[in-house]
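Q: Could we go through this model together? I would like to begin with the contacts and then move to other topics.

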Amino acid sequence: MSDEDKANKSTPFRVGTPPARPGEKPTFSSWDFQPEDLKKLDPLKCTSKDTEKHAYGLLRVLNDSNEAKGEWDPKLDPDILRKGLEYMMKLRIFDDRMMKMQRTGKLSFYMRSLGEEAIAIAQTMALEEQDWIFPSYRQPGAQFVRGRDMVSMICHCIGNELDNVKGRQMPVHYTYKEGRFISISSPVGTQFSQAVGVAMASAYKGTDEVTITWLGDGTSAQGDYHYGLNFASAFKPPVILNVVNNQWAISTHSNLATGGVNFASRGLSYDIPCFRVDGNDFLALYSITKWAAERCRAGLGPTHIEIYTYRAGAHSSSDDPSRYRPGDEAEFWPGGDPVERLKMHLIKIGEWDEKRDKELTEKIDSEVMAAYKEAVKYGDLANGPFPPASTIFSDVYEEIPWHIQEQREELGK
Amino acid sequence: MVEMNMIQALNSALDIQLKNDDSVVIFGEDVGFFGGVFRVTDTLQQKYGKHRVFDSPLAEGGIAATAFGMGINGLRPVVEIQFADYIFPAYDQIVNEISKIRYRSGGEFSTPITFRTPAGGGIKGGNHHSQSPEAQFTHTPGIKVVYCSNPNNAKGLLTAAIESNDPVIFFEPKRCYRGPFYGDPHNVPTWAGHPKSEVPEDYYKIELGKADIVQEGSECTVIAWGAMVHVAEKGIKESGISCELIDLQTLIPFDKDTIVNSIQKTGRCVIVHEAPKTSGFGAEISASIQERCFYSLESPITRVTGWDTPFPHSTEWDYLPSPERIATAIKNTIEE
Ligand SMILES: Cc1ncc(C[n+]2csc(CCOP(=O)(O)OP(=O)(O)O)c2C)c(N)n1
Ligand SMILES: [Mg+2]
């Protein structure tokens with residue numbers, strides 16, 4: 001019995017415990033799910049009841065040897081797989097560079113997607129151009145799929161003159177309307193129920209748009225998660241609702257965040273088809289998202305997905321996870337690395353090799369470096385230039401009212 | 001007396017309350033094993049056990065609602081809202097429930113919750129890690145509002161807040177956790193050597209509803225709270241004018257006597273807060289002064305505040321009241 005459990009014993013009041021704390025041996029629940037476990041369901045006939053096994057199992061396509069197996073294999077063209085690999089590598093290299101910038105005082109803050117790169121990238125690739133992306137801070141990768149230029153992303157993170165958020169938000173709070181990527185907000189979970197509204201508008205207008213949104217395991221405790229599920233259940237709009245269960249919410253393990261750790265099945269009581277998916281499996285993510293989008297486009301409404309993964313890095317640049325979980329916990333995570341798994345799959349089917357991988361890494365590396373050098377031309381954190389002080393006062397309202405105008409004149413900049 | 005920074009002082013107040021009163025429980029996001037993202041509850045779970053200090057699910061509405069229930073049933077919850085910006089999912093519980101339960105039950109029920117929450121700017125927190133939403137609560141009858149500014153009053157006021165049988169929102173200026181803040185991002189002093197870093201080691205309480213006169217002066221009264229107390233101190237110095245600086249400490253109920261006495265002496269007043277101007281708590285103080293000591297006033301009361309806009313990231317130094325703006329305001333009231 002751990003000290004935490006002992007302290008807990010004196011009272012019937014239950015407080016959860018994570019599998020391991022610093023100094024203890026990392027443990028993960030067993031990982032005996034195989035791609036053959038779960039049947040492919042007909043997206044146009046499936047009811048929420050039919051998905052019970054899928055909500056409690058784990059939908060995988062790549063097996064432990066990184067072969068694509070089972071009925072959910074989307075049988076993608078190798079070109080698409082290579083594209084996916086490239087986006088994921090790009091996100092990882094980009095994140096590393098930004099983290100280095102943060103560490104050397106060139107960004108005020110940063111958050112990586114480490115270990116979760118497949119999620120936004122595979123899922124956005126499975127959608128169409130007209131579909132809406134309503135992300136949390138952990139899905140910036142969708143922007144690569146939608147063609148966003150890295151220079152502009154870096155300028156946002158610096159908050160310099162070219163930041164399209166005009167220096168108003170912390171780094172990683174991207175907005176990219178051109179790519180139908182909706183502005184990221186810090187208060188967690190608000191996007192989830194808002195995304196249901198975006199989808200309701202699409203249904204109202206009769207457009208062929210699907211909306212996808214995500215929130216974290218921790219965030220699923222917020223009212224917005226439950227509002228979202230219920231409104232989606234009531235109005236059946238074309239929306240894909242994802243809970244990214246990376247097992248940690250800053251220092252709070254999902255064992256402490258809920259009484260049970262299955263997030264997927266929560267949607268069943270809302271009569272929404274539910275799936276639990278291997279979040280480090282590009283192919284499984286792609287497959288389930290295509291499936292859900294097909295239902296959306298046929299007017300059959302929402303799908304709820306738990307994406308089971310592991311936050312391999314710190315919560316953010318302000319966080320040191322070795323204070324609350326074993327420092328080497330990531331090494332014990334049985335789900336592997338999403339980039340590595342897709343790469344090994346491609347090699348296995350003869351569509352990739354180490355030499356090409358190395359060349360691509362070098363190419364991306366130099367692209368990221370070039371983008372960074374270009375971005376700081378528009379201002380760095382130490383010296384600016386920043387957006388002009390006048391941007392403090394614009395966009396509060398459509399037009400600047402007299403009292404804000406007066407304050408702007410008072411500042412005199 | 002020992003030297004503490006604000007984090008240590010708050011931790012010490014919590015520690016003593018946990019020790020002295022079994023009904024005190026602490027919970028909130030990441031406050032348990034980890035000890036909070038700002039480390040204010042560090043080691044308390046290890047000391048008092050998981051049932052006294054624990055991590056809650058990530059839901060401020062749930063935190064406030066369960067605290068309400070615990071308070072009704074004999075506990076004294078001290079909850080942390082990780083950033084004041086994230087108190088709004090709890091707003092309905094605070095405004096409609098927690099603040100009104102004593103009244104709506106004819107005095108039968110009450111709930112003695114303390115909400116601790118880091119507030120204010122100066123850490124490059126942008127829109128949602130910088131706000132100072134005190135006025136959203138001062139406009140809510142039934143809840144007391146406290147804003148500490150230094151290690152000494154952090155400990156004393158937090159003790160009083162926890163012991164209050166009324167619910168209290170306790171704002172902690174996060175920019176001042178490790179040192180006073182003089183409005184200059186390049187000058188980052190620690191608390192070491194600051195007179196207000198001297199804190200009693202044992203039980204220590206500062207009565208709610210009492211302001212602190214930081215410095216006495218004769219020409220103008222400057223009223224501030226939170227991080228702005230230090231910025232105002234710097235602004236006063238820059239103005240070269242003899243000012244009385246009042247750290248309000250408790251906003252509801254505020255210390256009218258200290259304010260009135262000071263205005264009667266100086267005849268002038270500048271109010272400083274970092275929250276937006278319109279409907280900010282400065283408006284209340286200003287109105288109250290003109291109601292109570294109109295005939296002592298020699299010039300109009302001035303406010304130096306954050307702008308009526310959301311809080312920006314890159315340009316936060318142009319948003320926050322600066323010593324220069326405060327000095328100018330002081331000089332202008334004198335020249336009127
Ligand atoms: C309403 C609100 N409360 C608290 C926070 C502070 N906060 C930011 S991220 C986070 C943890 C989120 O964990 P999870 O939902 O699991 O997402 P992950 O970071 O693991 O992707 C917290 C508590 C916030 N941003 N918004
Ligand atoms: Mg998480």
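This is a predicted model: local features need pLDDT of at least 70, side-chain atom pairs count only at pLDDT 80 or more; totals for chains, interfaces and linings use all residues.

Q: How many residues of chain A are in contact with chain B?
A: On the chain A side there are 44 residues, in contact with 35 residues of chain B.

Q: And which helices of chain A supply at least two residues each?
A: These are α1 (3-9), α9 (254-257) and α14 (402-411) of chain A. Among the contributors to this side, α14(A) gives the most, with four residues.

Q: What is that side made of, by class?
A: The side of chain A that touches chain B has 21 nonpolar, 18 polar and five charged residues.

Q: Changing topic: where does ligand 1 lie?
A: Ligand 1 lies between chains A and B. It is surrounded by 22 residues, and the closest are Gly216(A), Gly218(A), Thr219(A), Ala249(A) and Tyr86(B).

Q: Which strands of chain A supply at least two residues of that shell?
A: Both β2 (211-216) and β4 (248-249) of chain A do. By class, the shell around ligand 1 holds 10 nonpolar, seven polar and five charged residues.

Q: Now chain B: how is it divided?
A: Chain B has domain 1 (2-199) and domain 2 (212-335), with their C-alpha centres 25 Å apart.

Q: How many residues are in contact between those domains?
A: In chain B, 30 residues of domain 1 are in contact with 29 residues of domain 2. On the domain 1 side, β6(B) provides the largest share, four residues. That side has 14 nonpolar, 12 polar and four charged residues.

Definitions and conventions
Residues are numbered from 1 along each chain as its sequence is written. Chains are lettered from A and ligands numbered from 1 in the order in which they are written. Two residues are in contact if their C-beta atoms, placed from the backbone, lie within 7 Å. Ala, Val, Leu, Ile, Met, Phe, Trp, Tyr, Cys and Pro count as nonpolar, Asp, Glu, Lys and Arg as charged, and the others, Gly among them, as polar. A residue is near a molecule or strand if its C-beta atom, placed from the backbone, lies within 6 Å of it. Domain bounds come from an automatic or database domain assignment.
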